[in-house]
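This briefing concerns the structure shown below. It is arranged by topic for a reader who has the sequence and coordinates at hand.

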Amino acid sequence: MSELQPLSQPQQTAEPLLNVQEMQFWLDKAVAWGQADSPDTQKDTCLHLNRLRDFLQQLLAHISNMSSTAETMKKLPLLGQFLGRLCWNPYVTAGDTSRNLLLQCLWGLYSEHPSNAVERKANQWIRKVLCQLATEEDDGVAQALMKHMGVPAKEYHLNVLTKMVALLQENVGKSCCSLSNINQRCSCDNILATSDACVPLITCPEASPLIGALLQQPVTCVKEALSEDFLDALSSAYSSRNLSLEEQALVSLWHHSLPSLEEAVLSLLESVTNTTSTPQMLHQQVAQSLLPKACAQHCSLFLVTNDIFRSVLKQAEGNESVKSLVQTFTRCFLWELALLQPQTSVSLKAFFPQSPPSLLVPLLTLPSEMPQESWRNHLNWLSGSLQRLTEEEEEGNGDSRSTRGHYKVFETWFLLVQCAHWVQAAVQLLVTSPEDCGPLLRLLTFYHHPTNRWHHRALQLVGAREAWEHLRSVFSVSARPPIDRLQSLVTLPSSPAPLLTLSLLVNFAVFCQQPLSVSTEILQTVVHHSGLVDEAACVLSSLELRLSEGSCLSNDRVHLRIKELQKTLTHMH
Amino acid sequence: MEAVLKNLSSTVELLAVAAYSGTVEQWEKYNVSRAFDWARYCEHIYSRYHSNPAIRRVMEQQLELTNQSLQDVIPGYTEVSFSDLPRLQHLLLVGLLNNPEVPISLLKMLFDTRGPVDNMKSEYQDVTGLCSHIIQCKAACKVLSPLTELSAAGAEVQGRMLMERLGALLSRGSDTRPAEHFLGCVLQECEGAGRQFCLVITAALLTTKNSAAQTAPREFLLDWLQNKHSVLQSLPATLLIDLAKEHKKFRDAYCDVLKKWASDMEYIISEGEWVQTSTNPTVSFQKLTERFMALFEACPSLRAKTEKELKALKISDGDFDVKGLSVWGDLLSALNM
């Protein structure tokens, strides 16, 4: 029978390696922490909190695997003592996770139906410990006052805690390392100690004013004032949505801790790519994420965020939702920067260090900031510059400089993605004033196909021109075009740049001189057969957004047409 | 009023059930929530009516009746008095946690980590995580206290509460006995923690310094302190000077304390110094002189009067001008009088 046991109970042989030595180690720690209350002990406790949590997790798994408390106590006789000591350690009980794990371990030891003296005693002990933890006072004066003043314990402790937090917050605000007085003792040690002490209190809502104050402390000293553990703990609490910080505190957190910034950017990306949102919704999502505001305040944050965008785009350059996000993000960022600008005087170059300098201001200027008559010249110039830049790099790289060449092309393209309002302006121009469409088409093709793999760009340019000409002819006939003429458009998804063609289509539908009914029908037919309803709606919405924002007030006719087309598309769902 | 009394009585009975009875075995979360709600109701009743002597009396009578009937049925029953009412939720919690029949699932619920605080929608107060929160607050205080001045925050909160309570007691009427009784009880209970009590009094006096609303309790406290030399002598010197400046009566009382300290002193020939003979020497001769000087600086009017008194005392000691024979003489010369 004993030979069969290992086979029938594989759990016991494959147990987590909870050996007696580890138990002893942690018990010794717990004893040491309980005995002294010096700064060193406190520091030691804080340093070990993470590992302690892991150990408690292991313990919990171990306890759950046991069939009875008696068995657990037999295997780990020191367990009771250990858990008991931890209960009285405020660093363990202040933090949500560690307290929870500790309590779970205790529950694990409680037996619903105790079958022997050991289990009965364990039950009693557990109840007693819990009662003491929640109701006993070790401060005699506090006890006396509470009793005679009729103040319940909870209210009292809450008041004291709030008061302490306020006091500490004041201290943090006061202490500033003044470089002028070298003799003055650096108070950064206090800040460091406070931030260390706050590690177990990250998820305690009453402590959040203090945490906010710590984060927003101006960084004046050479030494790093906030402890690593503090920032790490904040970061992980934030990513598991356990943390609520005020705006400025959050910005400060990102500034202090890059991982938390990365987390924020990635989660924004995720939320954008998972759902199809209208341009307005996207704008709102981006603004609400607080990232543009943070980037406007700290150049370094903007640079890091853009690096993340770059790497995402490099992996999937055709990803339209990411491209829209980048464009919206840059718009929001520039808006926030303009709000701050009177106070700061950081040049644009600092925010866009890798972009071609000659293109920076021309691209960042919005079409709405320029009279519509100058668009063509501007776009022609842009197109020419882009072409020159790309050809330079691509041709001068038969040798090892190939990666460098592509680097410059990529940066140019990335800047264009950030300033895609000019791409949209180009589409509008192609539709409204069709002369000399060459440069505009080149610009569009570059936007949709930045990499010139196997020199396909020439081909793609041809395809774009064909699509544009076809659309022009379709929309210039004042009667309803026969179905066969629309056939080639119907195979939209497989054409060179479906989105290029789609945006041309939508713009034609809006701006052409044909009666609305004709335009509507053409749009409806093509979109229905190609299945790109959502994408078309998006293009329409962003067109509307762009037109209504800028001072280039298109006439009411255009807005009316847009509204009608939107209605049509909505009904197609 | 009848309904209120009935509710009061029922709640006390409910508390007794929670603390002593085996019926709690069948309780579920909503039973607990409802019990806390009723306890909170009684706390509210207390705050509304405690300053109304007539209603208070009626309630006390009701409580007496309820306590009596419960005592008959439950061995070891602890009475719930009127002054316990403001802490009824706490008493309920203590009762529940001490009752071995409370099902473990309820305990788990009380000690659960609370979720986002959004309990406006439920019918009853959400008691999930109640104990967890208390433990967290207490632990957080302990974690943060090494960073703050020793007990400063605690003392300040306690001081504020003390003054509030005094104010409430004094606003009831002209009878100052309850207030005296309160202070006396607290002092007695803090016997072992004398220093902490002084910190509380200090905080209480400091925080109400410029508060117009708190003049009555402040005056009362100062009056009370005059006779409590044991507390007075442990208060910080600067505070005492400030208080002496403010109040004539206090000024005289403080002066009396200083004189009493002087009279306790004996001259030790081997050290050439006057030293206090009491079991807890608080002050050296040097410090005593400093205190007198500080007092005279703050209250110049006191100087002449005290000089006369000290001179009289010196005369009663024999009026010698030799050092070491009369503390009063030495004091006078140290003070340049």
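The model is predicted. Chain A holds 32 helices and 0 strands, and buried residues make up 50% of its 573 residues. Chain A and chain B bury about 5,200 Å² between them, while domain 2 of chain B and domain 3 of chain B bury about 1,300 Å².

**Chain A overall**

- The secondary structure of chain A consists of 32 helices, with 0 strands.
- Of the contacts in chain A with a separation of 6 or more, 70% are between residues 24 or more positions apart.

**Contact between chain A and chain B**

- Chain A contributes 57 residues to the contact, and chain B contributes 54 residues.
- Carbon and sulfur atoms carry 72% of the area of about 5,200 Å² that chain A and chain B bury between them.
- Between the two chains there are 0 salt bridges, but 10 residue pairs are in polar contact, both residues being at pLDDT 80 or more.
- On the side of chain A that touches chain B, two or more residues come from each of α7 (90–94), α8 (96–109), α9 (117–135), α10 (140–149), α11 (153–174) and α12 (188–197) of chain A.
- With 13 residues, α11(A) gives the most to that side of chain A.
- By class, the side of chain A that touches chain B comprises 34 nonpolar, 11 polar and 12 charged residues.

**Domains of chain B**

- Chain B is divided into domain 1 (1–101), domain 2 (129–234) and domain 3 (236–336).
- The centres of domain 2 of chain B and domain 3 of chain B, taken over C-alpha atoms, are separated by 29 Å.
- In the contact between these domains, 14 residues of domain 2 of chain B meet 14 residues of domain 3 of chain B.
- Of the area of about 1,300 Å² buried between domain 2 of chain B and domain 3 of chain B, 64% is on carbon and sulfur atoms.
- Across this interface there are 0 salt bridges, and 0 residue pairs are in polar contact with both residues at pLDDT 80 or more.
- The side of domain 2 of chain B that touches domain 3 of chain B draws at least two residues from each of α9 (194–207), α10 (215–226) and α11 (229–232) of chain B.
- The most residues on that side of domain 2 of chain B come from α10(B), which supplies 6 residues.
- By class, the side of domain 2 of chain B that touches domain 3 of chain B has 5 nonpolar, 5 polar and 4 charged residues.

**Helix α5 of chain B**

- Helix α5 (residues 104–111) of chain B is mostly covered, with 6 of its 8 residues buried.
- The buried residues of α5(B) are B:I104, B:L106, B:L107, B:M109, B:L110 and B:F111.
- These buried residues pack against elements of both chains: α8 and α9 of chain A, together with α2 (29–49), α4 (88–98) and α6 (130–144) of chain B.

- In α15(A), the buried residues are A:A249, A:L250, A:V251, A:S252, A:L253 and A:W254.
- The cover over the buried residues of α15(A) includes α13 (208–216), α14 (228–239), α16, α18 (291–297) and α19 (299–315) of chain A.
- A:S257 lies in the loop between α15 (247–256) and α16 (258–274) of chain A.
- A:S257 counts as buried because its relative accessibility is 6%, under the limit of 20%.
- Leaving aside residues up to four places away in sequence, A:S257 touches A:L231 and A:S235.

**Residue A:K29**

- A:K29 is placed in helix α3 (residues 20–35) of chain A.
- A:K29 is classed as buried because its relative accessible area is 19%, under the 20% cut-off.
- The side chains of A:K29 and A:D44 are joined by a polar contact of 3.1 Å.
- When residues up to four places away in sequence are not counted, A:K29 touches A:D44 and A:H48.

**Residue A:G384**

- A:G384 belongs to helix α23 (residues 375–395) of chain A.
- A:G384 is partly exposed, with a relative accessible area of 26%.
- In sequence A:G384 and A:R442 are 58 residues apart, and their C-alpha atoms are 8.9 Å apart in space.

Technical notes
Residues numbered from 1 in each chain as written. Chains lettered and ligands numbered in written order. Heavy atoms only, no water. Helix = DSSP H or I, 4+ residues; strand = E, 2+ residues; numbered from the N terminus. Buried < 20%, exposed > 50% of the residue type's maximum accessible area, 1.4 Å probe, protein only. Polar contact = N/O pair within 3.5 Å; in protein donor to acceptor, adjacent residues only side chain to side chain. Contact = heavy atoms within 4.5 Å. Domains from an automatic or database assignment. Buried area = accessible area lost by both parts, 1.4 Å probe. Salt bridge = Lys/Arg side-chain N within 4 Å of Asp/Glu carboxyl O. Nonpolar A, V, L, I, M, F, W, Y, C, P; charged D, E, K, R; others polar.
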